[in-house]
Amino acid sequence: MPGVTAAETERDEPSAAAPPGESRWRRYVPWGLGILLLLAMLGLQSQLYVGQERTVSAIFMFVALAQGWNLIGGFTGYACFGQVVFFGLGGYTTAVAMTHWGMNFWPMLLISGVVAALFGALIGLPLLRLKGHYFAIATLGVAEGMREVVTNLTDLTGGGSGITIPTVGEEATTTYLGNDGFYLLFLGLAAFSVLVGGLVSRNKFGFALRAINQDEEAAGSMGINTTRAKVAAFSLSGFVTGLVGATYAFQQAVIFPERLFDVDITVLMVVMVVIGGSGTVLGPLLGAVVLQFLSEYLRQNFTSAHTFILGAIIIVAVVLLPQGAVNYVREARRTGNYSLLANVRRYRL
Amino acid sequence: MARDQVNSFLQATVYGLLQGGLLALIAVGFSLVWGVMNVVNLAHGAFVILGAYVGWELNTKLGWDPFLAMFVAAAVLFVLGYVLQRWLINLVINGPIFITLLLTFGLDLLIVQGMNIAFSGNYRSIHTSYASTGLDLGSIRVPVGRLLAFGVAVLLTIALVLLVTRTRIGTSIMATGMDRGAARLMGIRARHVYALTFGIAAALAAVAGTMVGTVGTFNPASAGAYTLLSFVIAVLGGLGNMYGALVGGLVIGLVEAWAGLYLPGTWVNALAFLVLVLVLIVRPSGLVGRAYYAARVEV
């Protein structure tokens, strides 16, 4: 991947600094590489066995989830530890509407995203006033609380014993997509999330979010409506996550509150973004691919100890690369200092 | 009929208070670490369960009484906590909050999965001859084990407050928590003090874990629930406020006991988080917290 890294590294530099002719084509390099990658993934599909196809679909899913979390956690710097609430909400909106109200999947996919986005705006208004750990815990509380609400609305959601979306026979509202269909859908979601991340990182909105991340008061005094920007970022990240949740629910067909509101899903998103490099577009992409691939490899080869090894890997990665792989490479290229030891010293007491 | 209702209410109240004391002991170390170092230790629940396993091992293999084994569990976890903070968490302590959250999450995975491999996922409990015998107070029954565990919890919380306010070590912990730079200028070794603080928190968690094993059952998977409860209680009580943790623990114990009596299904679980979110929005410094702790929490 060195080619991609090099191209991405140039991205943040102001285009005015480079000669106009050079900046013009350099700006489009990441987009071109992205499209090539998308085409390669489309081509890859025919080469995969069924099991591999599912694994790669899961990687796409986590790319989209990590990009979604990156909008609020990476760009804006608000450590949302309840992101899974959007995933679960999106999933249950689709599942309940398809099961009880005979809705088709495709409109419900969009509606689930919108429901998650609206919920994000609703809880964002009070919660985004909180800072640091308090925001993290309040969002965690919302996610855990929502899981209990869903568990207890037994008539609608089936409670703890789950809900089954009809996929065959007359009750099925939408033809089940099968492995091939879900591969394409998750690939589409991943591409959409990267596109959203790429657009946000380059436009004024993205710069407002970065300013809030660095110093919220200063950002406010520069004329940024911080409340509006934060709520919009939270809502947008909820929208992306809600879409993924809806798709996941349809893919699984049988869903449980324990799985759809699993706090581990949130933590995985955070780990992927932080290890890859938060506040970048490439970071969450790389983090999701590497970590999901590694996790799947460990699961297949070290059945009983795979979480143990994963924990050790997270610890080592956090200590060695606290700012994430992409940010580390960017800084090292700028300063010419590639020493990991110097990198470890930055946050040491 | 009305008499039965009064009785069951009183029984739930007593149970809630006893459980609340134990919850307070679980949360007080978590709150101390958070208040002093601004670290949310996601492995705290794993420390509780690890302490429970140390107590369980001593009880089943050597036949020790849990109220004796708890000292060994505390010593083991103190050393573990000291080492972890001194040579691992101190490496990233100045980073953004994701970093310490992720590091302790990695520790949590490691410890919980390690316990799964070493002790299996079966539910365990520490058996004594007296823990389940009941004292009858009128129509209310009070299990001896819970009463003793409550006593240990309250005594240790008070001991911690005395340690922090009356001793040299305690004041250096507080001073480092208030202003690390100034504390270091006064000759306090911050790395050592941080490690001590983390060790004390882990030791308290271990004692609480032994008590949890004595009055109920545990397995590695229950670690997460104790971490979450510690969050809720620490926030309710106000960060770093040890009496606050006691109040928060008792409130949560009572709320859960009463809700268990009157609410159907598992709505009781949602209630604790509802209380948490409301307190955070309305009074972020906690029920008995002071503005100082709210002010010093930074991103």
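**Backbone, core and chain contact in the predicted model**

Asn38(B) is located in the loop that joins α1 (2-37) to α2 of chain B; in this predicted model, the residue has a positive phi of about 60° although it is not a glycine. Most residues other than glycine have a negative phi. Ala253(A) belongs to the loop between α11 (226-252) and β2 (254-255) of chain A, and, with 16 other C-beta atoms within 10 Å, is partly exposed.

A further loop position of chain B is that of Trp64(B), which lies between α2 (44-62) and α3 (66-87). Trp64(B) has 17 C-beta neighbours inside 10 Å and therefore counts as partly exposed. When neighbours within four places in sequence are left aside, the contacts of Trp64(B) are Leu58(B), Asn59(B) and Ala69(B). The C-alpha atom of Trp64(B) is separated by 9.5 Å from that of Thr128(B), although the two residues are 64 residues apart along the chain.

The largest nonpolar core comprises 211 residues, and those with the most contacts inside it are Leu102(B), Leu204(B), Ala206(B), Val207(B) and Ala208(B). Helix α8 (residues 190-215) of chain B gives the most to this core, contributing 17 residues. For Leu204(B), the contacts beyond four places in sequence are Leu25(B), Val28(B), Gly29(B), Leu156(B) and Leu160(B).

The contact between the chains draws 42 residues from chain B and 38 residues from chain A. On the side of chain B that touches chain A, the elements that give two or more residues are α4 (97-119), α8, α9 and α11 of chain B, and α4(B) gives the most, with 14 residues. By class, this side of chain B consists of 31 nonpolar, 9 polar and 2 charged residues.

Helix α11 of chain B, one of these contributing elements, runs over residues 267-282; at 1.5 Å a residue, its 16 residues should span 22 Å, and the end C-alpha atoms are 22 Å apart, which agrees. Its buried residues are Asn269(B), Ala270(B), Ala272(B), Phe273(B), Leu276(B), Val277(B), Val279(B) and Leu280(B). An α-helix has 3.6 residues a turn, so residues three or four places apart point the same way. The buried residues of α11(B) pack against α6 (132-152) of chain A, together with α9 (223-237) and α10 (242-262) of chain B.

Methods
Residues numbered from 1 in each chain as written. Chains lettered and ligands numbered in written order. Predicted model: local features only at pLDDT ≥ 70, side-chain atom pairs only at ≥ 80, totals over all residues. Core = buried A, V, L, I, M, F, W, Y, C linked by C-beta atoms within 7 Å. Buried ≥ 20, exposed ≤ 12 C-beta atoms within 10 Å, placed from the backbone. Helix = DSSP H or I, 4+ residues; strand = E, 2+ residues; numbered from the N terminus. Contact = placed C-beta atoms within 7 Å. Expected span 1.5 Å × (residues − 1). Nonpolar A, V, L, I, M, F, W, Y, C, P; charged D, E, K, R; others polar.
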